[in-house]
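Subject: Structure handover

Hello,

Here is the structure I promised to pass on. Please open it next to this email; my notes follow below.

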Amino acid sequence: MTTPEKLEVLERRIAESEEGGGAARLEAQHAKGKLSARERLDLLLDEGSFVELDRFVVHRSTDFGLEQQKYYGDGVVTGHGRIDGRLVYVFSQDFTVFGGSLSESFAEKICKVMDLALRNGAPVIGLNDSGGARIQEGVVSLGGYADIFLRNTLASGVIPQISAILGPCAGGAVYSPAITDFTYMVRGTSYMFVTGPNVVKTVTHEDVTMEELGGADAHAAASGVAHFAHPSEPACLTAIRELFRYIPQNNIDDPPRGAGTDPRDRRDATLLDIVPDNANKPYDMHDVIARVIDDGVFYEVQRDYAQNIVCGFAHLGAFSVGVVANQPAVLAGVLDISASIKAARFIRFCDAFNIPVVTFVDVPGFLPGIAQEHGGIIKHGAKLLYAYCEATVPKLTVITRKAYGGAYDVMSSKHIRGDYNVAWPTAEIAVMGPKGAVEILFRKEINDSSDPNRAPDAKIDEYREKFAHPYIAAGRGYVDDIIDPRDTRPRLIEALETLRTKRDRNPAKKHGNIPL
């Protein structure tokens with residue numbers, strides 16, 4: 001065969017590999033509002049940057065008629081490309097080939113790109129759209145999943161791992177996205193669950209739809225499994241591209257710098273009026289964050305889950321930072337089980353990938369109640385404490401108003417290696433709020449008074465004047481300064497500059513035992 005003839009064969013086989021499961025199945029995919037595996041990669045990656053690997057791989061099974069059904073690529077498109085010029089490794093599952101089910105060859109392709117990503121220090125992005133294990137391959141398929149899980153675990157904290165759920169993801173397949181750093185879902189077309197609605201009905205007699213059980217909103221708001229929920233696949237893939245404005249290639253590299261067009265010395269007078277004079281009146285911490293960060297652009301993570309705490313990425317003086325903030329507008333910003341877990345995981349990601357953490361504090365304490373105590377608030381709250389204590393990246397803290405009790409300690413206080421801790425004049429740093437403190441300190445007097453249900457206002461005012469302010473903490477050095485709120489942005493940027501060369505290490509150990 002001559003070279004031109006060989007090229008014709010190659011071109012024909014390439015064309016066949018790009019058809020997936022054929023035109024009819026591709027049309028069915030589009031009818032569901034879903035893109036093909038290759039269309040997704042076209043949207044995700046820089047134009048013309050995708051380099052495919054293993055395009056001619058086929059499955060090896062001969063059982064149940066599979067010998068007569070072989071497709072190039074075997075249901076997953078793998079390779080590498082660029083996002084804003086930066087190398088990423090990718091795999092995109094193809095539902096038009098055997099429903100995207102995982103075979104031995106399929107798993108080997110994914111494992112190869114994961115190994116390459118780890119070896120070359122580049123992020124890996126998985127686009128999931130699969131019916132699960134390929135039944136015809138039995139335990140070999142299950143072994144393929146385990147091979148992927150192992151690589152997810154070994155790569156954790158070394159390279160960023162991103163999962164997009166763009167169709168069904170059920171059974172054992174859900175545990176790979178669960179180990180990765182961030183999970184994206186699409187409303188109406190993506191689902192995640194260990195057992196589907198039919199099994200749930202059989203076992204628990206509960207009638208539930210796929211959307212209610214494992215849809216994007218269910219996991220973004222109720223379970224916290226999904227970090228992001230988007231209305232369409234293009235919006236989802238665009239959001240993944242935007243994430244890379246803030247995160248580095250690996251655990252050795254620094255995160256990317258922002259544009260730096262927002263003046264570093266910009267002061268904002270509106271910060272003077274955001275915190276209400278009434279300590280019990282709520283305000284939106286998003287307003288504080290937006291006025292401090294560069295251009296007000298905030299990439300929020302898990303926006304709909306545990307809304308009493310806010311987490312997300314931003315640039316501050318062009319530095320990429322992770323922001324953690326109590327949210328007084330929701331449950332008064334109290335810490336509960338969900339908020340503790342949400343913030344702890346986000347902080348650990350930032351620490352693993354050299355992203356400084358900026359914390360805005362307005363916290364009245366931990367949420368009381370039987371449900372919280374029996375749900376393990378002690379253990380789960382300790383996760384947040386552990387994450388802050390363990391983190392060695394620069395940690396900057398601004399106390400805007402309340403910082404009460406153990407929650408003061410937990411929220412990146414100076415005592416747990418906070419690098420730069422400041423307070424606004426409106427800060428109240430105390431064991432508890434004035435009313436509760438007076439009710440304890442003067443319980444006998446209150447019980448003996450004409451109105452035993454009311455703490456005396458004079459005592460409350462006295463306590464507030466003596467304790468509910470930042471000056472005692474400042475006098476002890478527990479906060480480095482009490483600052484004019486208008487200066488928050490320039491002061492934080494200056495601190496980030498001084499902490500660029502920070503060196504801090506934890507004691508040598510295999511790993512700690514975080515209270516899981």
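Start at Phe 182, which is buried, with a relative accessible area of 3%. Buried means under 20% relative accessible area, exposed over 50%, and partly exposed in between (1.4 Å probe, protein chains only).

Some ground rules. This is a predicted model, in which local features need pLDDT of at least 70 and side-chain atom pairs count only at pLDDT 80 or more, while totals for chains, interfaces and linings use all residues. Residues are numbered from 1 along each chain as its sequence is written, and side-chain values use heavy atoms, with hydrogens and water left out.

Aromatic pairs

Rings of Phe, Tyr and Trp (its six-membered ring) pair if their centres lie within 6.5 Å; planes under 30 degrees apart count as stacked, over 60 as edge-to-face and the rest as tilted. The count by this rule is eleven aromatic pairs. One of them is Phe 182 with Phe 349, edge-to-face, at 4.8 Å centre to centre and 65 degrees between the planes. This pair links distant parts of the chain: Phe 182 sits in strand β7 (residues 182-186), Phe 349 in helix α13 (residues 337-352), and they are 167 residues apart. Helices (H or I, at least four residues) and strands (E, at least two) are DSSP runs, numbered from the N terminus. Phe 349 counts as buried, at 6% relative accessibility.

Tyr 184 and Phe 228 make a stacked pair, because their ring centres are 4.4 Å apart and their planes are at 20 degrees. Here too distant parts of the chain are linked: Tyr 184 is in strand β7, Phe 228 in strand β9 (residues 228-230), 44 residues apart. Tyr 184 is buried at 0% relative accessibility. Phe 228 is buried as well, with a relative accessible area of 7%.

These residues belong to one aromatic cluster: Phe 182, Tyr 184, Phe 228, Tyr 246, Tyr 299, Phe 313, Phe 346, Phe 349 and Phe 353.

Strand β11

Phe 313 also takes us to β11, where it is one of the residues pointing one way. Strand β11 covers residues 309-316, and eight of its eight residues are buried. Ile 309, Cys 311, Phe 313 and His 315 point one way; Val 310, Gly 312, Ala 314 and Leu 316 point the other way. In a regular strand the side chains alternate between the two faces of the sheet.

Two strands pair if DSSP finds at least two bridges between them. Strand β10 (residues 299-301) pairs with β11 in the antiparallel sense over three bridges. Val 301 stands opposite Cys 311 there. Strand β12 (residues 319-326) runs antiparallel to β11, joined by eight bridges. In this pairing, Ile 309 stands opposite Asn 326. β11 and β12 form a hairpin with two residues between them, and Gly 317 in the turn has a positive phi of about 65 degrees.

Cysteines

A disulfide is a pair of cysteine sulfur atoms within 2.5 Å. The whole structure has zero disulfides. Cys 311 is buried at 1% relative accessibility. Cys 350 is also buried, with a relative accessible area of 0%.

Loops and backbone

Most residues other than glycine have a negative phi. Ala 332 has a positive phi of about 60 degrees although it is not a glycine. Ala 332 lies in the loop between β12 and α13. Its relative accessible area is 41%, so Ala 332 is partly exposed.

Arg 417 also has a positive phi, near 75 degrees, and is a residue other than glycine. Look for Arg 417 in the loop between α16 (405-410) and β15 (420-423). Arg 417 counts as partly exposed, at 27% relative accessibility.

Gly 296 lies in the loop between α12 (285-292) and β10. Gly 296 is partly exposed, with a relative accessible area of 33%. The C-alpha atoms of Gly 296 and His 374 are separated by 40 Å, and the two residues are 78 apart along the chain.

Best wishes
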